[in-house]
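Subject: The model we talked about

Hi there,

Here is the structure I promised to pass on. Please open it beside this message while you read.

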Amino acid sequence: MSLVDLPLLPLGKGRDLDAERGVECPGDLPAASDPGLVERARAAKAALGERVFVLGHHYQRDEVIQFADVTGDSFKLARDAAARPAAEFIVFCGVHFMAESADILTSPAQQVVLPDLAAGCSMADMARLRQVEDAWDAMADAGIQDSVVPVTYMNSSADIKAFCGRNGGVVCTSSNADVALDWAFSQKAGGDAKILFLPDQHLGRNTAVLQMGIALDECVVWDPHQPGGGLTAEELQKARMILWKGHCSVHGRFSEDVVDELRVKHPGINILVHPECKHEVVLKADLVGSTEFIIKTIKAAEPGTVWAIGTELNLVKRLADAHPDKTIVFLDRNVCYCSTMNRIDLPHLVWALESLVAGTVVNQVTVDPETEADALVALQRMLDLPGKSHRD
Ligand code: 13P
Ligand code: SF4
């Protein structure tokens, strides 16, 4: 069976250790209705003291984020995990690829725990190593492989990061994609490298076109489900950006017509979106940036201003609650949480923490040493990138 034919596993069912999702939780979880859960989480965390460090991504539920020692976007959390060598256990309230990155960036003595292993990322699952290696071979056949630099978004599995490390590439996040592309273009003589951007076509396109001045028709999309990516050798030779056909199921929902509708309903509204949104939506927005950028922008906004935000709903609701002096609305007609981020709930967090107190490390996320060494090369290149992006 080719990878293209692999069935998609329903969330939380079955077991595919190479996938970002589809892993059952083996635990005996406390009931979600247990009124003592907050107290139990507090007590378990207190019992573990400095031995545990809890990281919380901005898209996590309120019930979980209250227990985070630090909150952040994926870039900040990767740095924070690396800067905490004394903590024996890193409990990562986020998704699988983030926990993998934390494992790579922390010492071998530290153990990274993901409270629910079914908290994967559908975008990360859209680029599997064998598919990427096939694409790489096709680029050799088209005579361009030597000029291609692979750049992968943090939202990818460790083996894709390792592929980039092995092949002269780098990791980027939504905070520093422009700086990473700058670096990648400069890796080949004459600054005319081609970039293979994985796995989010939207972040790749938005960054290339809107920040690097690359023309839309210099971007092509590699579809791993089509023979030859659906591209001719000539199209590959002409392209500067080869965008992997992946997307975020949450940010991909935002649409231009809702932007138009809100501009009519709230004259003077500011539209603020994440760069994982479609290019057409970003073109209609007033501001675009990572989750950290979105938070900073709202904090700095004048009282009385009106904002529509195109990112995950847990964060938008938290921003609305924290800034009652501003009007903040969601850029979608429907409720739209990231279902995998939402897998981490209070029962899973309590179960993970209480298991650690009892001396059992549950749901440990580990990356094999070979993958880890190559992925670290690409991650370290990212951490060493010069300067700051305006999106940070
Ligand atoms: P950042 O945390 O880099 O903003 O990415 C958003 C996201 O989708 C995380 O899963
Ligand atoms: Fe993945 Fe999108 Fe969810 Fe982030 S918000 S974890 S990119 S599906």
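First, some ground rules. This is a predicted model, in which local features need pLDDT of at least 70 and side-chain atom pairs count only at pLDDT 80 or more, while totals for chains, interfaces and linings use all residues. Residues are numbered from 1 along each chain as its sequence is written, and chains are lettered from A and ligands numbered from 1 in the order in which they are written.

**The four-stranded sheet**

An open, parallel sheet is built from 4 strands in the order β2-β1-β3-β4. (Strands are DSSP runs of E with at least two residues, helices are runs of H or I with at least four, and both are numbered from the N terminus; two strands pair if DSSP finds at least two bridges between them.) At its edges sit β2 (70-72) and β4 (111-113), each pairing on one side only. On average, neighbouring strands here are turned by 25° against each other, direction ignored. (Axes are lines fitted to C-alpha atoms, for helices over the stretch in contact, and angles run from 0 to 180 degrees between N-to-C directions.)

Inside this sheet, β1 (residues 52-57) runs parallel to β3 (residues 89-93), and 5 bridges join the two. Val52 stands opposite Phe89 in β3. Helix α15 (residues 346-357) lies across β1, β3 and β4, at about 175° to β3. (Residues are in contact if their C-beta atoms, placed from the backbone, lie within 7 Å.)

**Helices α3 and α4**

Helix α3 (residues 74-82) packs against helix α4 (residues 96-105) at an angle of about 35°, the axes being 8 Å apart. Their crossing is right-handed. (Ala, Val, Leu, Ile, Met, Phe, Trp, Tyr, Cys and Pro count as nonpolar, Asp, Glu, Lys and Arg as charged, and the others, Gly among them, as polar.)

β8 pairs with β9 (residues 241-244) in the parallel sense over 4 bridges, and Val221 has Leu243 in β9 as its bridge partner.

How do α8 and α9 meet? The axes of α8 (residues 177-185) and α9 (residues 201-211) come within 10 Å and cross at roughly 75°. The two helices are therefore roughly perpendicular to each other. (Under 35 degrees counts as roughly parallel, over 145 as roughly antiparallel, 65 to 115 as roughly perpendicular and the rest as oblique.) Ala177, Asp178 and Leu181 in α8 meet Leu203, Thr207, Ala208 and Gln211 in α9.

**Strands around β10**

β10 (residues 270-273) pairs in the parallel sense with β12 (residues 306-310) over 4 bridges, and with β11 (residues 287-288) over 2 bridges. Val273 stands opposite Gly310 in β12, and Val273 also has Val288 in β11 as a bridge partner.

**The ligands**

Which residues lie around ligand 1? They are Asp73, Ser74, Phe75, Asn155, Thr173, Ser174, Cys248, Glu276, Ser290 and Thr291. (A residue counts as near a molecule or strand if its C-beta atom, placed from the backbone, lies within 6 Å of it.) By class, this shell holds 2 nonpolar, 6 polar and 2 charged residues.

Ligand 2 is surrounded by 13 residues, the closest being Cys121, Met123, Cys248, Val250 and Cys338. Its shell has 8 nonpolar, 4 polar and 1 charged residues.

**Two backbone details**

Leu198 and Pro199 are joined by a cis peptide bond, with omega about -25°; Pro199 lies in the loop between β7 and α9. Asn363, in the loop between α15 and α16 (369-383), has a positive phi near 50° though it is not a glycine.

Best wishes

Technical notes. Contact = placed C-beta atoms within 7 Å. Left-handed = near helix turned anticlockwise from the far one by under 90°.
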